[in-house]
Amino acid sequence: REEKDEDSQLIYRIERPVYNETLIQAQLLKRKEDTTTNCQKLAEKFQCSSEKAKAAALSFMPILSWLPSYPVKKYLFSDVVSGLSTGVVQLPQGLAYAMLAAVPPVYGLYSSFYPVLLYTFFGTSRHISVGTFAVISLMIGGVAVREAPDSMFMNINATGSNASDAINVELRDKSRVQVAVMVTTLAGLIQIVLGLLRFGFVAIYLTEPLVRGFTTAASMHVVISQLKYLLGVETQRYSGFLSAIYSVKAVLSRITSTNIATFLLGLGCIIFLYVIKVLNERFKKKLPIPIPGEIIVVIVSTGISYGLSLSKEYKVHVVGNIPTGLRPPAAPNISLLPNLVTDSFAIAIVGFSMDVSLAKIFALKHGYSVDGNQELIALGLCNFISSFFQTFAVTCSMSRSLVQESTGGKTQIAGLLASLLVLVVVVAVGFVFEPLPQTALAAIIMVNLIGMFKQFRDIPSLWRTSKIELAIWVIAFIASVLLGLDYGLLVAVTFAILTVIYRTQSPKTSILGHVANTGLYCDVDEYEEAAEYEGIKIFHSNSSVYFANSDLYVNSLKEKTGLNPEHLQAARKAQKKRKEKTNSNRSSPLKICVKYTLIHVAEDQKNGQFGDRHGDSEEAVFLEPFSTVHSIILDWTSATFIDSVGAKAIRQVIKEYAAVDVRVVIAGCNRNLLAELDTLKFFTKDLTTDFLFPTVHDAVLHCQHSNSHPSVANLQDVASSLISLQC
């Protein structure tokens with residue numbers, strides 16, 4: 001019953017009997033009878049109707065739900081501006097990230113067109129920009145280099161000191177494109193299958209600290225891989241264990257042969273792009289659209305390269321041939337499949353994790369929802385279908401998504417227009433970018449990673465808030481830097497799962513006390529107001545009980561309550577022996593049988609504590625009660641599941657305490673956990689549902705009412721009378 005007192009504070013008062021689970025099942029709750037058979041459930045599940053067909057179509061192609069009601073006058077201009085701005089950024093990034101994927105630059109343009117076009121029809125996010133992304137491109141490049149290393153394409157008859165002269169670059173690039181395409185096909189297929197199976201939840205295993213540590217490590221790999229382009233030196237590309245260290249060592253060993261023109265041009269591009277990035281950030285509220293620094297660098301550096309003939313006169317490496325037009329569809333090379341399954345799965349999960357995390361951020365900001373499973377299907381279709389047109393795996397890009405959102409993008413139409421801008425370049429003016437220096441693309445890549453390196457700021461923050469999450473971040477970073485992105489991700493996910501096991505194995509346990517005039521029970525060690533009931537110990541653990549922590553749970557119970565059944569049994573046996581010895585010596589003169597210290601012992605045991613006995617107090621042990629604690633309440637409000645090992649441990653501990661006259665009851669057990677206990681045959685003739693209570697307070701009242709132990713005060717009176725006995 002709700003009431004209001006004089007201060008208008010809500011108060012509720014309830015008067016009811018003390019319930020245990022037996023009474024609840026008999027009087028209060030009755031399970032609904034489910035008369036539906038399994039066949040009927042299956043028939044209903046697969047029953048087709050026009051409503052279900054329409055809902056399935058709208059779910060599979062979200063564009064059908066929003067395009068018919070698209071407000072042209074309200075949204076079109078914003079989407080056009082946003083699409084063109086995003087396309088201007090997407091064009092140079094596509095060229096640059098193709099270098100990370102170890103394929104010719106034109107394939108970056110293909111990957112910036114087909115997937116973006118498809119996402120318009122199947123995606124649910126209105127603001128993310130799908131396309132090439134540094135981390136995924138680097139993972140693709142690592143696989144391509146591993147499966148098609150330079151050593152496989154050496155020209156036997158090559159002469160000269162230039163490393164590129166000794167390699168059949170055309171054949172090598174063709175092989176690496178086949179590897180990248182096959183990985184993309186398989187990654188897309190994995191994403192589609194997971195989406196259809198409603199496995200969108202797999203991304204939760206990539207926690208935020210793990211993803212941030214992993215992407216920071218990936219950024220390190222990206223920067224290291226671009227050093228040779230920035231300096232204009234020829235080195236082998238490494239992949240796998242310690243590839244970052246080998247790459248740095250290779251660049252440093254050739255640093256004396258740095259191409260000065262390449263380095264100065266790249267350094268100038270980095271400085272310019274960084275200044276533009278700072279200006280865009282500082283004046284983002286005043287600028288109608290961000291200054292397109294990347295496209296300015298591409299146009300200016302291309303003009304300088306063409307006008308000064310940097311490739312011929314100064315040996316500056318340029319993009320080279322960019323074929324005009326689109327390639328016809330072609331099937332991937334299936335023979336490469338066996339070696340790429342693990343890599344494809346990692347790329348599929350990482351790509352989806354990036355996509356859905358950013359999509360949810362924008363959805364929350366702008367007040368709409370995204371479907372994680374549909375995003376998985378959409379990204380899978382983008383990768384799978386596009387791979388037949390010679391693209392490599394894609395996901396959303398944070399930098400481009402921020403551009404699309406900040407320039408006023410309202411719907412997926414902005415992404416569609418960005419892809420059409422890339423199409424124009426591919427079909428008509430791709431050849432214009434053939435003189436583009438590779439060092440300019442390296443500068444674009446490096447500057448775009450500044451935001452990633454800011455994630456190092458997470459370390460002091462996590463140190464203050466969560467040491468375990470800090471450990472996940474650090475392990476993800478170190479493992480990914482040293483072992484490579486594929487094995488690093490595996491190690492990071494494994495470690496993150498182990499931390500969950502560690503937390504459940506080492507839960508926080510406490511003894512609860514009642515806060516006067518409330519129904520609250522709190523930790524007596526933490527709150528002064530919480531007081532224990534005499535003779536009752538309330539044990540709380542913030543974890544479930546299962547095979548990994550059942551022993552720890554029982555040990556913590558005995559330690560926190562101060563009651564160890566084995567010690568109590570030993571005390572009982574010792575008392576029995578002393579009584580027998582006393583009875584055998586009745587003919588001898590009587591002595592004082594109880595020491596004065598008995599009262600102090602009883603006071604100590606009032607709190608359930610058993611300290612070491614010293615001196616003459618040992619003679620009085622036969623008068624000590626086994627324990628002033630008569631009941632233990634297990635607070636299971638935090639428990640969510642239990643297994644057979646945990647159930648056996650709890651059953652055994654209840655039996656052990658019953659042997660020393662200490663009652664153990666359970667409180668706060670939820671209905672699902674109760675059903676699991678039934679399934680595990682936890683309840684027996686001796687251990688019935690009478691021991692289960694819906695709340696801690698129900699259990700406390702029951703234990704107080706049914707207590708038949710003498711009080712400590714009575715024990716002290718008995719002790720006082722015995723002290724006076726002399727002969």
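Helix H7 (114–122) gives the lining of the largest cavity its largest share, three residues; helices here are DSSP runs of H or I with at least four residues, strands are E runs with at least two, and both are numbered from the N terminus. H7 and strand S3 (129–131) each supply at least two residues of that lining. This is a predicted model, in which local features need pLDDT of at least 70 and side-chain atom pairs count only at pLDDT 80 or more, while totals for chains, interfaces and linings use all residues. Residues are numbered from 1 along each chain as its sequence is written, and side-chain values use heavy atoms, with hydrogens and water left out.

On terms: on a 1 Å grid over the protein atoms alone, a cavity is a set of points where a 1.4 Å probe fits but cannot get out, a pocket is an open set with protein on both sides within 12 Å along at least five of seven lines, and lining residues have an atom within 4 Å of a point. A volume is the space filled by probe spheres set on the points, which are joined across faces, edges and corners.

The largest cavity has a volume of about 70 Å³. Its lining includes Tyr-119, Arg-126, His-127 and Gln-412. By class there are four nonpolar, seven polar and one charged residues; Ala, Val, Leu, Ile, Met, Phe, Trp, Tyr, Cys and Pro count as nonpolar, Asp, Glu, Lys and Arg as charged, and the others, Gly among them, as polar.

How many cavities of 30 Å³ or more does the whole structure hold? The search finds two. Helix H9 supplies the largest share, three residues.

H9 comes up again in the second largest pocket, with four residues, the largest share of that lining. That pocket holds about 980 Å³. Of its 35 lining residues, Val-169, Arg-172, Asp-173, Tyr-229 and Gln-438 are the closest to the centre.

Last, the core. A nonpolar core is a set of buried Ala, Val, Leu, Ile, Met, Phe, Trp, Tyr and Cys residues joined through side-chain atoms within 4.5 Å, where buried means under 20% relative accessible area with a 1.4 Å probe, protein chains only. The largest has 86 residues, and Met-139, Ile-140 and Leu-210 touch the most other members. H9 (residues 169–196) contributes its largest share, ten residues. A second, separate core has 32 residues, including Leu-563 and Ile-666.

Technical notes:
Buried < 20%, exposed > 50% of the residue type's maximum accessible area, 1.4 Å probe, protein only.
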